[in-house]
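Here is a short report for a first look at this protein. Keep the sequence and the model open while reading.

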Amino acid sequence: MILWLGVLVIKLCYKLLPIKYRELFYFVISLFLSGNIFIWIYKIFNATEFPYSYYEWIVTKIDIFFVIILVISLLAIWIWVMRLMIMRKPSKTIVYSGFIFYVIFLILLLKNQSFFIVLSMVGMTIWVIVYLFTFITKRWVKRYFVYIFGFCIIALTSGLFMHVHHQSFSNYLLLNAVKISSERDLILENHLQDLKNQINNDEIILRYTEHLDTNMNWLTYLKDYYLSSFQGKYDILGFICCSNDIFLNNNNQISCWNYYDSIIEHSQTQPISEELYYITNADVNYYLFSIKLNSELPHYLFIEFYKKQPFRPEGYLELLVNADEEQLLPAQIDYATYFNNNLLQSYGNTIFPLQADNIIQYAPIGKLFKYNGKYSIKSEINDEKYIVLVSNHSLPSWISIFCYFTIIVLLLYIFYYLLFKGFNLKKILRSFASRLQLTLIIIITIVILISGSISVKYLQNTYLHQLQKRYFERNYGLYLSLQNEIINNDINADNINSLLWRYKYSYFSDLHYYNIDGRLLSSTQFSLFQNKLLTDLINPNVYWYNYWQNYWYYTNQENIGDFIYWNAYFPIFIDKKIVGILSVPMFNQISELRSDLSELIGTFINIYTILLLISLIITFLITQYINRPLKLISKRLKTLSLSSQNEKISYRSNDEIGQLVRQYNQMVDELAEKAEKLAHSEREMAWREMAKQVAHEIKNPLTPMKLSVQFLQKTWENDRQRFEKDIDKYLATLLEQIEHLSDIATAFSQFNKMPEPVATDVDLVKLLQNLVALFQSEDYDIMFISDIDELFIHGDENRLNRAFTNIIKNAVQAFVDDRRGLIKINISSENEKAIITIEDNGSGIPEAELTKIFEPNFTTKTSGSGLGLAIVKNIINDLNGQIYVESRVGEGSKFTIVLMTLK
C-alpha cells in the first residue's frame with residue numbers, strides 16, 4: 001500500500017508541475033532514491049527476523065517472500081524513476097551541479113555513519129553509470145546493458161542481505177555466548193520462585209517434619225517431583241531443620257538456622273528474592289534456596305544447587321519454561337571454554353582441541369569465522385578466558401540468495417506482464433524462438449521442482465527411518481534390561497520410581513510407566529502432569545495396540561501444542577502376561593531430524609536454485625544459437641531482390657536448418673538465372689521505349705523549325721525588309737534547336753541514356769521569349785506577358801526548353817477550326833517562386849482524363865506516343881517544382897508551373 005501511494009504521489013506531483021519543471025522533478029527524485037534506496041533496503045532487512053536454518057526458512061517462507069517482494073518493489077520504483085529521468089534528460093549544468101550538491105549533502109548528513117555513506121555512494125555510483133549510459137548509441141550495448149544492470153542490482157541486494165543476515169546471526173551467537181558465560185541460571189531462579197507455595201504446603205514434606213521418619217527419603221521425592229528437570233544439571237543437597245538443630249562447623253557447634261545465616265552474611269551473596277540467594281565463593285558458586293514450612297513447629301527447608309555441567313534444555317523442558325524469558329541455549333549450538341588457550345570445558349558434538357589451534361587463537365573477537373566448515377564466533381569472558389561457539393545452522397549462501405532473488409524477480413515480471421499486458425498465448429507463441437524458450441523453460445523448471453521435491457521427501461523419509469531404527473535399537477536394549485529388573489527384583493508400583501530414575505541417567509531419556517488399565521504409575525517428568533500438559537491416561541490407540549492386540553512394540557507421533565515428538569511404547573510381560581506399559585519419549589529425534597534436514601535442504605536449495613538459474617541462462621543462449629540461422633534466413637529473404645546480387649548463406653551442419661539453407665541457396669541460383677532472362681527482356685523493352693522517346697524528342701523541335709522556315713519564306717516573298725531584320729534571330733533559334741537534336745542523337749549513340757542534366761542559372765524570361773519567337777506563325781496568335789525583365793532559376797536549360805516546347809506544341813495541336821488559335825504565356829514572381837502559365841483556347845481536356853494526362857503512354861490524340869506530358873512532369877519534379885492543369889471542354893486548357901527562384 002505504501003509503495004502504491006509513493007507511485008501515486010510521484011505521478012500526481014508530475015501532473016501538477018509545469019512542463020518546464022518536470023524534467024527537474026524526475027532528476028531530483030532519481031537522485032533522492034539513488035542516495036537512499038540501499039539504506040532503506042538495509043533497514044528493512046535489519047528489522048526482519050530471518051531464521052537461521054533452511055528448515056525454518058521453509059516453515060516461514062511466506063513472510064520472507066513478502067519482505068523480498070517489498071524490497072524488489074522499492075527497486076522497481078527506483079528503476080522506473082531512473083527511466084523517466086533518462087527519457088526527460090535534464091541539461092548537463094543541472095546534472096553536474098545537482099549531483100555534486102546532493103553527494104556533499106549526503107556525506108554531511110551521514111558523516112558519523114560510515115556504513116550508510118558507503119551504501120549511499122553505491123547508489124549514487126549506479127546513478128552516474130545509468131546517466132552516462134544514455135550517451136551510448138549502439139543498440140546491442142543498450143540491450144545487454146539492461147540485463148547486466150538488472151543482475152548487478154540483484155547481486156548488490158543479495159550481498160546486502162547476506163551482510164545483514166550474518167550480522168544478525170553474529171549478534172545471535174554473541175547473545176548465547178553471554179548466556180553461557182554467565183554463572184546465573186534464570187531458568188532455575190524462575191522455576192524456584194514458582195515452587196515456593198507448592199513445597200511450603202506439600203503434605204509429604206510436612207509429614208516428615210512432624211514424625212521425622214528417617215526411612216522416608218523426602219529429598220528423593222523433592223527431586224523427582226519438583227526438580228526432575230534440573231537433576232542432570234545440578235547436584236542437589238537439602239536439609240530440613242528447626243532452630244535448635246545443631247551443625248558442626250569447623251569443630252564448632254552452630255544451630256542450623258545460624259549456619260545458613262552465616263553463609264549468607266559472610267559470603268559474596270546476590271539476593272534474588274527473600275528465599276533465594278546466589279552464593280559466590282572462591283572455589284564454587286551455588287544457589288541457596290530456603291523455605292519456611294507451614295509445620296506445627298517452625299521448620300526451614302534449605303536446598304543447595306551445585307552446577308555439574310553446561311546445560312542445554314531438551315525434550316519436555318522446552319514446554320516447561322518460556323524460551324524468550326528464560327534465555328534457553330539453542331540445541332544447534334556447541335561451545336567450548338578456554339583459559340589461557342587451554343580447554344576448560346566443552347559441550348556438544350563438535351570436537352574442540354585441548355590446546356587452542358591457530359584458527360581459534362587468532363579468530364577475531366565478536367565476528368563470524370569458519371571452524372571445521374561451520375559458522376563460529378569467539379567471545380571474551382575476561383583477559384585470560386574466552387568462549388568459542390560453533391553453530392550447526394546452515395546459513396544460506398550468497399549464490400543461493402542471488403538465485404532466490406532472481407527467480408522472484410522473474411516471477412514478478414511474468415505477473416506484471418500478464419496483469420498489465422494481458423495474456424495473449426497466440427502472440428507469445430507466434431515466434432519460433434519464444435515457443436522453443438517457453439517449452440524448454442517449462443520442462444526444465446518442472447523437472448527441477450519435481451526432482452527436488454522427491455529428493456527432499458525421499459531423504460526426509462530415509463533420515464526418519466534411520467533415526468527410528470537407531471532409537472529402536474537403543475530403546476529395545478533399555479526395555480529388555482528394565483523388564484529383567486522388574487521380573488528379577490520383584491519391582492511393583494511402590495518402588496518403580498527409583499528404577500525409572502536410574503535408567504533415566506543411564507540412557508539419558510525420560511520414562512513413563514503405566515499400569516494395565518492405562519493409568520500413570522510413575523514418571524521422571526511429573527511436572528508435565530502437574531501442569532496438565534499431559535493426561536494421566538495413556539493414548540487410547542497405544543492401549544488398544546499394546547494390551548488388546550498384544551503388540552510388543554508401538555511408536556506413535558504425539559504433540560503437546562506445537563511441540564511434536566515420537567513416543568515408543570513397550571508392554572512389560574511377567575509370565576507372558578502384561579503387567580504394565582513402558583513409554584519412552586524420543587525428543588531428540590525431531591531436533592536431530594530438523595538439524596539434518598536443515599543441512600540437507602540447504603544443500604538442495606543451493607544446488608537446485610543454481611541449476612534452475614543456469615538452466616534458464618543456457619536455455620536462452622541455446623535458443624538464440626538455434627534461432628540465429630533462422631533469423632539470418634529471414635533477413636536474407638526480406639532483402640531478396642531481382643535487381644541486386646543476392647548473397648548465399650554458409651551453414652555446414654547437415655540438419656533440418658542445413659536443408660533449409662540449401663533450399664534457400666538453390667533458390668538464389670534459380671532467381672539469378674531468371675533475373676538474367678528478365679533483364680534481357682527488360683533491355684529489349686527499354687530499347688523500344690528509348691526509340692519512342694528519341695523519336696518524340698526529335699519531332700518536338702522539328703515542328704517549330706518547320707514553322708519558322710515557312711514564316712521566313714513568306715516574309716522573304718512579302719516583306720524583304722523585315723526578312724533582313726529578323727533573319728539573324730530566326731537563324732539563331734534554328735541553330736539552337738539543331739544543337740538540341742545533335743545532343744539527342746549523341747546520347748542515343750551511347751546506347752544507354754538520354755543526356756544528363758547540366759544545372760546552370762537560367763533566365764526564364766529570355767528562354768520563354770525565344771520559344772515565343774520560335775513558335776510565331778500566321779495561322780494562330782502567341783502572346784508573351786511579363787512585368788519583369790529577368791527571372792533566374794537553377795536548372796538544366798535544355799530540359800526546361802524541352803518541357804515548355806512540349807506544352808506549347810500540345811497547345812498548337814489542340815486548336816479548333818471554328819476560331820483563331822491563341823496562346824498566352826505569362827510569367828511572374830511571388831514569394832521567391834516563379835509562376836509560369838501557358839493558356840490556350842483549344843478543344844480542352846475532358847474532366848475524366850485530367851488525372852491521366854501526366855501518365856506515360858496516355859494521349860487524347862489519334863497520333864503520338866503519349867510521352868510528352870509525362871516527360872514534362874518528370875523535368876518539373878526534378879527541379880522540385882509543381883505543375884497543375886485546368887481545362888474545360890470546348891474552351892481550352894491552362895498549365896501552371898511553379899519553380900523555385902534564386903535568392
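Predicted model: local features only at pLDDT ≥ 70, side-chain atom pairs only at ≥ 80, totals over all residues.

Residues are numbered from 1 along each chain as its sequence is written, and side-chain values use heavy atoms, leaving out hydrogens and water.

**Overall**

The protein has 26 helices and 24 strands. Both are DSSP runs numbered from the N terminus: helices are H or I with at least four residues, strands are E with at least two. Of its 903 residues, 42% count as buried. Buried means under 20% relative accessible area, exposed over 50%, and partly exposed in between (1.4 Å probe, protein chains only). The accessible surface comes to about 51200 Å², and carbon and sulfur atoms hold 56% of it. These areas come from the Shrake-Rupley method with a 1.4 Å probe; for residues, only the protein chains shown count as cover. A contact means heavy atoms within 4.5 Å. Among contacts with a separation of 6 or more, 64% join residues 24 or more positions apart.

**Around strand 11**

Strand 11 covers residues 374-380; 5 of its 7 residues are buried, so the rest of the structure largely encloses it. Two strands pair if DSSP finds at least two bridges between them. Strand 10 (residues 369-371) pairs with strand 11 in the antiparallel sense, over 3 bridges. The two form a hairpin with 2 residues between them, and Asn372 in the turn has a positive phi of about 55°. On the way to strand 12 (residues 385-391), 5 antiparallel bridges join strand 11. That hairpin has 4 residues between its strands. Ser376 is the bridge partner of Phe369, and Ser376 also stands opposite Val390 in strand 12.

**Surface patch**

Leu438, Ile442, Ile446, Ile450 and Ile454 form a nonpolar surface patch with about 420 Å² of accessible area together. Patch residues have over 30% relative accessible area and no salt bridge; like charges are joined within 9 Å, nonpolar side chains (Val, Leu, Ile, Met, Phe, Trp, Tyr) within 5 Å. Leu438 lies in helix 17 (residues 432-488).

**Salt bridges**

A salt bridge puts a side-chain nitrogen of Lys or Arg within 4 Å of a carboxyl oxygen of Asp or Glu. The count is 4, including these:

| Pair | N to O distance |
|---|---|
| Arg820 and Asp781 | 3.0 Å |
| Asp818 and Arg819 | 3.7 Å |
| Glu891 and Arg888 | 3.8 Å |

Asp818 is exposed at 63% relative accessible area.
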